[in-house]
Amino acid sequence: MKNLVYLKDVVTLQLDDNKCTGCGMCLDVCPHAVFKMNSKHVVIQNRDACMECGACSRNCPVDAISVQSGVGCAAAVINSMLGRDGEFCCGPDTGSKTANNKGCCC
Amino acid sequence: MDNYSDSKNKFEFPMIQDKSDCGCGNTEKHIRNTVSALNQSFLSGSILTSVGHLPQVSSALSWQDHWGTIKARFGVFRMDYSVAPGLYALGNPDDNSSVLVTANYKMSFDRLRKALPGRDVWILVLDTDGINVWCAAGKGTFGTEELVGRIKSSVLASIVKHRKLILPQLCAPGVAAHIVAKLSGFKVQYGPIRAEDLSAYLDAGSKATEQMRIMSFPLKERAVLIPIELMEALKAFLIIAPVLLVLSGIMGPAGFWANAGSYGLFAVLAILCAIVSGAVFSTLLLPYLPGRAFSIKGFFIGIVTFLILLYLRDINLQAWPGRIETLAWLLIIPAISAFLTMNFTGASTYTSLSGVKKEMRWALPLQIAAIAIGIITWIGAILIS
């Protein structure tokens, strides 16, 4: 099946070539093959495929990657607009059962 | 079946001594969980280690496990579907066996053990409040702190000789491998995304193929998400449907029941079709629907639904009431379908937050406006008929 791609040119992913040591950790954790190894360091080969999960920046030992990570979930955005349960959609943060429990990623 | 109910009385579970030790400040929770760990219905027994008895499971799922999965998929007792955090033995692992880490959502735990028939490994279950790996990582509960704390509280270092952990790749948004190594001495290896690939991954010497690292969204994975989407939408439907019936009954030209049977019943059917369109058809057909934004995909399938309904309704388009009613449904059905499909961004595996926000900025006001104007138009059509 063809790989699904969401909107173009919206992703906040940034890679600092100067900091990157080419350890390849981001290649391991990225679920959408956004990065590719280019001899000495990593390059972004498919920016639009990025879902801003933040796995790469979290696991980069030299802080070469930055991304405004979050869950791409409309229910969560609506909830935060309504001031309910922050930006999370996959059930409650605190363990209370009243919060939104939409089908989201869970 | 090992008699673990006996052993649990004499057994002292390795407990953390103070808060700073655990790293997560959740001492009370740990105590509560460890007490119940050996007394869970899905265990096959217990295994004796250097630090006492640990709960043991097999890779075979019982009918209760399967039934639990079905209930969770339909949103029944979903938030209580958890296992006690801590270390579990799958089969008969020893001090050389691999350690796999997972969330304490029962479905995550079951998928993991089911994928490893005939293997002897340790399973370290983190306390993620009963939430799956991916979501818990996003929240940070499947995170560096919890992992480091759980390694210590389970005394993992004295149970295995090696210093390696295999984590599901999808927990990476919450776990910083290099910091775990620094704080606990355990080296994190990210395994495949899907539990089903674990056997192949282990056989290859902890090497993942490119395919194992890509999060796809095939039909089967989309289909299992339909029940929960549908249940949520149907809850709203149960409130809306009676309102529509009453409104049409009061306002129509004929008697209450005749009106409700004509305008009202069709309205209920139309809303139901819009829900099925946005929660079922858009989910199944996701890759084949036009547009990148989910709202566009949902709008498109909503238009198709509208056309089918229009054909079935056989409205008289020569007269104004018929035209106006048609216009009302042209506004309402695709908008509901678009909204529900947009909501599916959360369950999809490839939408970014930036993208969802961008889509919502234009789509949400349009959806709300279309539904509001649509309802007013519908009321107007009944009034003038």
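In which sense, left-handed or right-handed, does α16(B) cross α17(B)? The crossing is left-handed. Keep in mind that this is a predicted model.

**The α16–α17 pair in chain B**
- The two partners are helix α16, residues 320-343 of chain B, and helix α17, residues 353-384 of chain B.
- Their axes come within 8 Å and cross at roughly 150 degrees.
- Angles over 145 degrees count as roughly antiparallel, so that's the label for α16(B) against α17(B).
- Sorted by class, the contact of α16(B) with α17(B) has 20 nonpolar residues, plus four polar and two charged ones.

**A kinked helix, α14 of chain B**
- Helix α14 of chain B takes in residues 256-284, which is 29 residues.
- From first C-alpha to last, α14 of chain B reaches 39 Å, close to the 42 Å expected at 1.5 Å a residue.
- Look at B:S277 for the bend: a kink of about 35 degrees in α14(B) is centred there.

**Where chain B touches chain A**
- On the chain B side, 48 residues are in contact with 47 residues of chain A.
- Five helices of chain B each supply at least two residues to that side: α6 (133-139), α9 (177-184), α13 (226-251), α16 and α17.
- α17(B) turns up again here, giving the largest share of the side of chain B that touches chain A, with eight residues.
- By class, this side of chain B has 25 nonpolar, 13 polar and ten charged residues.

Key: Residues are numbered from 1 along each chain as its sequence is written. Chains are lettered from A and ligands numbered from 1 in the order in which they are written. This is a predicted model: local features need pLDDT of at least 70, side-chain atom pairs count only at pLDDT 80 or more; totals for chains, interfaces and linings use all residues. Axes are lines fitted to C-alpha atoms, for helices over the stretch in contact, and angles run from 0 to 180 degrees between N-to-C directions. Helices (H or I, at least four residues) and strands (E, at least two) are DSSP runs, numbered from the N terminus. Angles under 35 degrees count as roughly parallel, over 145 as roughly antiparallel, 65 to 115 as roughly perpendicular and the rest as oblique. A crossing is left-handed if the near helix is turned anticlockwise from the far one by less than a right angle, and right-handed if clockwise. Ala, Val, Leu, Ile, Met, Phe, Trp, Tyr, Cys and Pro count as nonpolar, Asp, Glu, Lys and Arg as charged, and the others, Gly among them, as polar. The expected span of a helix is 1.5 Å times one less than its number of residues. The bend at a residue is the angle between axes fitted to the seven residues ending there and the seven starting there. Two residues are in contact if their C-beta atoms, placed from the backbone, lie within 7 Å.
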